[in-house]
Amino acid sequence: MNVTTVSIKKFVLSLLLCLGVISCLQAQEFRFTTSVSNNRVALDEPFQIQFMLENAPNVTSFTPPAFNDFEILQGPSQMQGQSIMNGRRSEYIALIYVIQAKKVGNFTLPGATARSNGNVVRSNPVTIEVVKGSRGAYQQGPQQSAPQSGFPPSRSQRQQQQQDEMEGVLRNGEDVNAKLRKNIFVKVDVDKTSLYEGEQLTATYKLYTRLPTNSSVTKVPAFKGFSAKDIELPNPPQASEEIVNGMRFKVFTIRKTLLFPLQSGTLELDPVEVDNHVKLVKLVKNGNKKSRDPFADLFNDPNAKDPFDDPFFDDFFNRPEVTYEDVPYKVQTAPLRVTVKPLPVDNRPASFTGAVGKFNMTAAIDKRNLTTDDALTLKVVVSGQGNVNLLNGPKVEIPAAFEKYDPKVSDNIEKNSNPLSGSRQFEYVLMPLEAGDQTIPAVEFSYFDVASNSYKSVRSEPFSVHVTPGKQTKRDKEDFSANRNTITSNYNGVLNWVKQGRFLLVNPLFYILLLIPVLLLVAAMVYRRRLNYQQNNAAFLKHRYANKVALKRLELAARYLKEGKDKAFYEETSRAIWGYLSNKLHVPFADLSKQLIQDKLTQQQVSVQYTAQLFDLLDDCEMALYTPMHNNDKMQGTYQQAVTVISRLEDELQRAKSVV
């Protein structure tokens, strides 16, 4: 096993090289952490220790801890990169050592130190337990690549690793575009290309690279025709390795999304675009002597030494024939089409509302004895795996003796579950209208099981309820039978409210009564003018009514806008628009699609211009959900656009209704 020694000069220069390519960091949280691949190792088992600087400004020095009880087998190797999540950029530098314990026991490695912005910072210490045993007892299986396993690579692996590192060298006459195409690409993997409407599709977008690069996603797919839910990824992203066409690539997962098709047909996943800034080592000609490829000796060495052991490395940064070049390179995934099959029509239960997956349903009431003054709550919980986020409430048949209100819906979806799992709860409030023994019919919920390619139904028991009269019951009719009416006596004297001996003209009541006709006349004139204004400005009043409809629909979105909750704002704006269309076009929410909306609006003779504005607004909301970046001005503009679109649609639909 070769032991790699690294000079102080080499290490400092390498670190400065890594820091030189990092752009000015945004105001993000700074972290300096230490982590190990395993806190319990065997005496002869090598393992990795990693020191990671995240969002570190102006790092001028780094000092690792003293490895007194450990032997350094390899390192430090360096990894740098950046990630963008929820609109925030994070940049990191990781320095990795491969070490091995010298004796058995419990050891605490102190943290490393670094100087950032002139301040000395220290990473956390780690505790390692070293036990007796062979490497095989702790090795879970054959390792596919040395960097992932933590063991020093074999001779062939070291040669391959050296070749990978040297891919970052641009030699004289080499085509830079061909080199980039060969060593950097992105692709999307899906777990299926044919599925049913509403069935889950998992799409994973990956960046493959063999070159040092800073990458950022500049265009995300719109996922038209899908409902999408992203899975949170580690930040900073963790690299894995894959062998592609015999070459080893570092692989970064840049996005993983759960998709649920909302319509049948052939749907296309739009491409993802990634901007890369690749740092290449460029060999240039020296005017004084013939240029030599400083890496040729490395590959001609029969002993395949580690490149850090080559004396060339110590003078690598001062050689006149070596320069560095930052090359921008944009890559994107190829469009991917999936076939979405419609759900079978045969044997479809009447209680089916669009659920696809595997579900269970429970229903319960909070009381069985109540009065007409009380309210009854029917709670229905649907749980399982599938399109939980799109579930519609089951059809609940309520007797005429109860008044039913719209259900309250609440979700409990497991974070980062794949397949999507969780539950959705529906609470129906029922108000009894009359006393007596009542029966609430059983609640039935149906879903399409993809595994068995059939519909399945879950049914609860019926509920018996006893309702007694409450205090606020309707009054009986008045009884005007004999001896039930009281006859007032006749009184011929002066009543108390009549005052004697006062002249009418000095009574203030006289003048008040005199003003009443004048006030009535003024009120009649004001009413007449208002009526004429309304008749002459009917179009304006209709538009004002349309604005009221839009503001009412977007009331919750306006609250999120004021609170600065961008994701909740765009979700509520999109939900308000879809809910408005469902209500106005008399189409169930689960059946809505852009094609159906366009057909319905065309039938209502709504202008194509307004339809296009509607779809543009929906696309903007959907795009904002997957590229979240807090911008209050943009949110304000989206809100005003939503009010305008709903108001114009309301005007057009009212006009079409009046024409009919």
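Here is a short chat about salt bridges, a surface patch and a helix pair in this predicted model.

Local features need pLDDT of at least 70 and side-chain atom pairs count only at pLDDT 80 or more, while totals for chains, interfaces and linings use all residues. Residues are numbered from 1 along each chain as its sequence is written, and side-chain values use heavy atoms, with hydrogens and water left out.

Reader: How many salt bridges does a search of the whole structure find?
Author: A salt bridge here is a side-chain nitrogen of Lys or Arg within 4 Å of a carboxyl oxygen of Asp or Glu. Searching the whole structure with that rule gives 20.

Reader: Which strands do K206 and E242 lie in?
Author: Their side chains meet in a salt bridge, 3.3 Å from N to O. The pair ties together parts that are 36 residues apart in sequence, because K206 lies in β14 (residues 201-209) and E242 in β17 (residues 240-244). Strands are DSSP runs of E, at least two residues, and helices are runs of H or I, at least four, both numbered from the N terminus. So the strands are β14 for K206 and β17 for E242.

Reader: How far apart are the closest N and O atoms of D411 and R424?
Author: These two form a salt bridge that links D411 in strand β27 (residues 408-413) with R424 in strand β28 (residues 421-432), 13 residues apart. D411 is partly exposed at 44%, and R424 is buried at 13%. The closest N and O atoms are apart by 2.6 Å.

Reader: What is the relative accessible area of I512?
Author: I512 sits in helix α8 (residues 508-536). Along with L509, L513, I516 and L520, I512 forms a nonpolar surface patch with about 490 Å² of accessible area together. I512 counts as exposed because its relative accessible area is 51%.

Reader: What makes α11 oblique to α12?
Author: Angles under 35 degrees count as roughly parallel, over 145 as roughly antiparallel, 65 to 115 as roughly perpendicular and the rest as oblique. Helix α11 (residues 566-585) and helix α12 (residues 594-603) pack with their axes 11 Å apart, at an angle of about 45 degrees. So α11 is oblique to α12, and the angle behind that is about 45 degrees.

Conventions: Patches are made of residues with over 30% relative accessible area and no salt bridge: like charges are joined within 9 Å, nonpolar side chains (Val, Leu, Ile, Met, Phe, Trp, Tyr) within 5 Å. Accessible areas come from the Shrake-Rupley method with a 1.4 Å probe; for residues, only the protein chains shown count as cover. Buried means under 20% relative accessible area, exposed over 50%, partly exposed in between (1.4 Å probe, protein chains only). Axes are lines fitted to C-alpha atoms, for helices over the stretch in contact, and angles run from 0 to 180 degrees between N-to-C directions.
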